[in-house]
Amino acid sequence: MENTVSADTYVDVMLRVNGCARRLRLDSRVTLLDALRDELDLTGTKKGCDQGACGACTVLLDGKRVLSCLTLAAQCEGREVTSIEGLATDGRLHPVQEAFIRHDGFQCGYCTPGQIMSAVALLQEGRAGSDEEIREFMSGNLCRCGAYPNIVAAIREVAGRGSE
């Protein structure tokens, strides 16, 4: 049986991505992850497991962390999407990005964008009261290299400064 997509499965979607309005015409089944990477060329968001188990694809949707591999782009109509590319302001890294560099919160770097996006949300949620709390609320983001102690240290530093 031939797999074809009929014209009526396409939808027009208006997203605000990293502060810019973007109109896309997409197959209604396209995930936010694939729209970011394939349609908008924002490849910082990583495709890890493609099943919602690793957190590599974490982005912010209206300020809340979501797994973009499990979120349909069409569900994001009119909503604010922030990817790793949208964290820096006027060429200055976000405090979490700076802390990850200072604490070597990455080794291979593959999981780093998702880790950083999740950390930003965790700090905005006020859930960085202790190392245990940080580990609990970061548990959906996996790192094969085992940089967890450095990631916790980076988040703890930013939480201690009161910067998000």
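**Close-up views of a predicted model**

View 1. Apart from neighbours within four places in sequence, Thr-112 is in contact with Phe-100 and Phe-106. The model shown here and in the other views is predicted. Thr-112 lies in helix 3, which covers residues 112-124. With a relative accessible area of 10%, Thr-112 counts as buried, because that value is under 20%.

**View 2. Helix 1 has buried residues covered by strands.** Helix 1 comprises residues 32-39, and Leu-32, Leu-33, Ala-35 and Leu-36 in this helix are buried. The cover over these buried residues includes strand 1 (10-17) and strand 2 (20-27), along with strand 3 (58-61) and strand 5 (80-82). After helix 1 comes Asp-41, which has a positive phi, near 55°.

**View 3. The largest pocket is lined by residues including several cysteines**. Its volume is about 200 Å³. Among the lining residues are Cys-49, Cys-54, Cys-108, Cys-111, Cys-143 and Cys-145. Gly-48, Ala-56, Tyr-110, Leu-142 and Arg-144 also line the pocket. By class, the lining has 9 nonpolar residues, 1 polar and 1 charged.

View 4. Cys-69 is in no disulfide, and the nearest cysteine sulfur, in Cys-57, is 3.7 Å away. Cys-69 is buried, at a relative accessible area of 7%. Cys-108 is exposed, with 59% relative accessibility.

Methods:
Residues are numbered from 1 along each chain as its sequence is written. This is a predicted model: local features need pLDDT of at least 70, side-chain atom pairs count only at pLDDT 80 or more; totals for chains, interfaces and linings use all residues. Side-chain values use heavy atoms; hydrogens and water are left out. Buried means under 20% relative accessible area, exposed over 50%, partly exposed in between (1.4 Å probe, protein chains only). Helices (H or I, at least four residues) and strands (E, at least two) are DSSP runs, numbered from the N terminus. Contact means heavy atoms within 4.5 Å. On a 1 Å grid over the protein atoms alone, a cavity is a set of points where a 1.4 Å probe fits but cannot get out, and a pocket is an open set with protein on both sides within 12 Å along at least five of seven lines; lining residues have an atom within 4 Å of a point. Grid points are joined across faces, edges and corners, and a volume is the space filled by probe spheres set on the points. Ala, Val, Leu, Ile, Met, Phe, Trp, Tyr, Cys and Pro count as nonpolar, Asp, Glu, Lys and Arg as charged, and the others, Gly among them, as polar. A disulfide is a pair of cysteine sulfur atoms within 2.5 Å.
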